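Visitor: I would like to learn how to read a model like this one. Please show it to me, then take me through it.

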Amino acid sequence: MPAPLDKIARSCAPYAISLVFALLFIAVWAGATRQPRFDASAHSPDQLELMEMNGDIVRDEQGAWQFNAAKTGGLPGPGAVWDKIKTETGEAFVKKGTNDHGIGWLIGYTLRRFFTGFVAASVVAILLGVLIGLSPLLFKALNPFIQLLKPISPLAWMPLLLYTVKDPFWTAILVVFMASLWPTVANTALGVSNLRKDYLRVAAMVEMSFARRLFTVILPGAAPTIIAGLRISFGSALVAVVPAEMLLGELGIGYLSWIEWNNLDVSGVLFAIIVVGVVGVALDFAFSRLAARFTYSEI
Amino acid sequence: MNKYLYIDHVGRAYPSLDPDAPRGATVDVFSDVTFELRQGEFMSMIGHSGCGKSTLLNILAGFDQPTTGGVFLEGKPITKPGLERMVVFQSFALMPWLTAFENVRLAVRQAHPDWPAAEIDAWTHKYLDLMNLTNAARKRPAFLSGGMRQRVGLARAFAVNPKLLLLDEPFAQIDALTRGSIQDELMRMWQETRGTVFMVTHDVDEAILLSDRIALMTNGPGAELAEIVEVDIPRPRTRASLIDDPRYMKLRNHILQFLVSGARRAAPAKPPTPSPVAVPA
C-alpha cells in the first residue's frame with residue numbers, strides 16, 4: 001500500500017529536514033573547533049618537559065602527549081559541551097556550596113522568580129486594563145502615562161528598585177513584574193473597549209451585577225485579546241529574567257551563564273544558553289496549550 | 001383603552017452630522033410617536049431603513065432614552081434595561097464562549113436567583129426543548145446555523161417570561177426557508193404564553209402572519225407614525241391559508257402601496273393621536 005507510506009513520508013519530511021540542519025550545524029561546529037593533533041616527535045624531550053610545566057600539553061590515558069584542552073583558546077566543540085551537559089544533568093539536584101547549586105535547582109529558582117513576577121503583574125495589569133477599557137475618560141487620562149512607561153526597558157528600573165526595596169531577591173521579581181505589565185494592560189484595555197455592544201446589552205438586560213458582568217461577560221469576551229497581551233508579556237518577562245539574575249547575582253539560569261563566564265568555562269556558558277532556550281520553549285509550549293482553552297470562535 | 005405599554009409622544013434626536021449645520025444642531029429621527037399595546041397583543045412596526053423603528057425598540061428595551069416624551073409599561077416609566085423586557089436581537093447577541101444551554105441558563109439564573117441549580121437547569125432544558133434545540137444544547141453558537149442561533153435567542157427571551165418581548169428584525173439574517181419554520185415556532189410559543197410582543201421588521205408577509213396590528217412609519221429623518229392597521233385575519237394562521245385569503249391580499253397591497261409610494265401620511269390633516277385604522281375586509 002503506497003498511499004499510507006507516502007503520507008507518513010510527507011508528514012515526516014519537515015522533521016527530517018530539521019534533523020539534517022541540526023546535524024549539519026553540529027558538523028560545522030565540530031569542524032570549526034577541532035583541536036590540532038600534537039606531534040610529539042617534532043619536539044625534543046627538554047622542550048616537552050618545558051611545555052608540560054607551562055601546562056600547554058598533558059598526557060592522555062595512553063600516555064601520549066596531547067594539547068591541554070583547558071589552555072587552548074577558541075570555542076569548545078560539541079563534544080566538550082555534551083560532556084558538560086552530562087556532568088551538569090548528572091548532578092542536577094546537588095548543592096555543593098552557597099553559590100554552587102545543581103542545574104535543577106537553578107531552573108527552579110528562575111521559574112519561581114519568573115512566575116511570581118509574571119502572575120502578580122498579570123493580575124494588576126488585567127484589573128487596570130479592565131478599568132481603563134470600561135471608562136473612555138480614564139483611558140484618555142491614563143494613556144499618556146502608559147505610553148511613557150511602556151518603552152522603558154524593565155532593566156532600567158533595576159537601580160531604583162534595588163535602592164527602594166534594598167533586597168536583590170525582590171528586585172529581580174519586580175524587574176520581571178515591570179517587564180510583563182504593559183503589554184497586558186494595553187491589550188486588556190483594547191479587548192474590553194472593543195467588546196461587542198450586544199454582549200453588554202444582554203448583560204444589562206438580564207440585570208447582572210458588576211461582578212457577574214465582569215466574570216461572565218467582560219473577561220471571557222475580552223479573553224482572546226487579553227491572552228495575546230499575556231503572551232507578549234510572557235516573552236518580555238522571559239527576556240528580562242536572565243539579565244536581571246546576571247546583574248543582581250541571584251541564583252538561576254541567567255546567573256549560571258554569568259558565573260560560568262567568570263570561571264572562564266565557555267562550555268558552561270554554552271550549556272547555560274542551551275538551558276535558557278529549552279526552558280523558554282517549554283514555558284511557551286505550556287502557555288500556548290493553556291491559552292487555547294480560553295479562546296473562542298467569533299460568530 | 002388598556003394602556004399596558006404606552007408610547008407617549010416619543011421623539012428621538014441625534015446631533016447633526018451635516019458639516020454645514022450650526023454647532024449643536026440636531027436631527028429628529030422620529031417625533032411625536034404615540035400608540036399603545038394591549039396586554040397579550042402582538043404588534044409589528046414596518047418602515048423603511050432610517051425611520052427609527054429600531055431606535056424606538058431600543059428605547060422600549062431601555063438601551064436608549066427618548067429626547068421627548070416617555071414610554072411606560074403598566075404605568076411605570078421605562079428608564080433602563082431589565083428582565084421584564086427581553087430583546088431578541090437581529091445579530092442574535094449570543095455569547096460565543098458559552099454553549100446554547102449556558103446562554104439560556106444565564107438569563108434563567110438572573111431571573112430566578114433564589115432557585116437551586118437543578119431547577120434552573122431543568123427550566124433551561126424545558127425551553128431549549130420547546131424551541132427544538134435539545135440536540136444543540138451543548139454546542140457553541142459558532143457551530144450552529146443562523147436559524148438555530150435565533151432559536152437560542154428566542155429560548156433565552158421566552159425562558160424568563162418577560163412582560164414585554166421585543167423582536168428587533170429577528171429573522172433578517174436567516175435564510176427564507178428556515179425563517180418560515182422559526183416563525184411558526186415563535187407563533188406557537190406566543191400562543192402558549194400569551195405574552196405581549198413588539199416586533200420591528202422589513203418583511204410585510206411576516207408582519208401580517210404574526211401580528212394583531214401593524215404600525216406603519218413614514219420615512220426618516222423626521223419620521224412619524226402614519227397609521228396602524230388591524231390584521232383582522234382569524235388565528236391560527238398559516239402561510240398556506242393566508243395566501244388564499246382575500247383579506248391578506250388586500251392588507252398586503254395596502255402596506256406595500258404605502259411603502260412603495262414613499263411612505264407618506266395618507267391623511268391631509270394630522271390627528272392629535274393616530275387611532276387604529278381598520279382596513280375594510
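Guide: Start with the domains, whose bounds come from an automatic or database domain assignment. The C-alpha centres of domain 1 and domain 2 of chain A are 54 Å apart. Domain 1 covers 40–69 and domain 2 covers 100–292. This is a predicted model: local features need pLDDT of at least 70, side-chain atom pairs count only at pLDDT 80 or more, and totals for chains, interfaces and linings use all residues. Residues are numbered from 1 along each chain as its sequence is written, chains are lettered from A and ligands numbered from 1 in the order written, and side-chain values use heavy atoms, without hydrogens and water.

Visitor: How much space lies in the largest pocket?

Guide: Rolling a probe the size of a water molecule over the atoms shows where empty space is left. On a 1 Å grid over the protein atoms alone, a pocket is an open set of points where a 1.4 Å probe fits, with protein on both sides within 12 Å along at least five of seven lines; lining residues have an atom within 4 Å of a point. Volume is the space filled by probe spheres set on the points, which are joined across faces, edges and corners. Here it is about 550 Å³. The lining has 24 residues, and A:Ile126, A:Ile227, A:Leu230, A:Leu290 and A:Phe294 are the closest to the centre.

Visitor: Which helix gives the most to that lining?

Guide: Helices are DSSP runs (H or I, at least four residues), numbered from the N terminus. H10(A) gives the most, with 7 residues. Helices H4 (103–134), H10 (210–248) and H12 (266–292) of chain A each supply at least two.

Visitor: Where is A:Lys166, and what is its phi?

Guide: A:Lys166 sits in the loop between helix H6 (158–165) and helix H7 (168–179) of chain A. Its phi is near 55 degrees, positive in a residue other than glycine.
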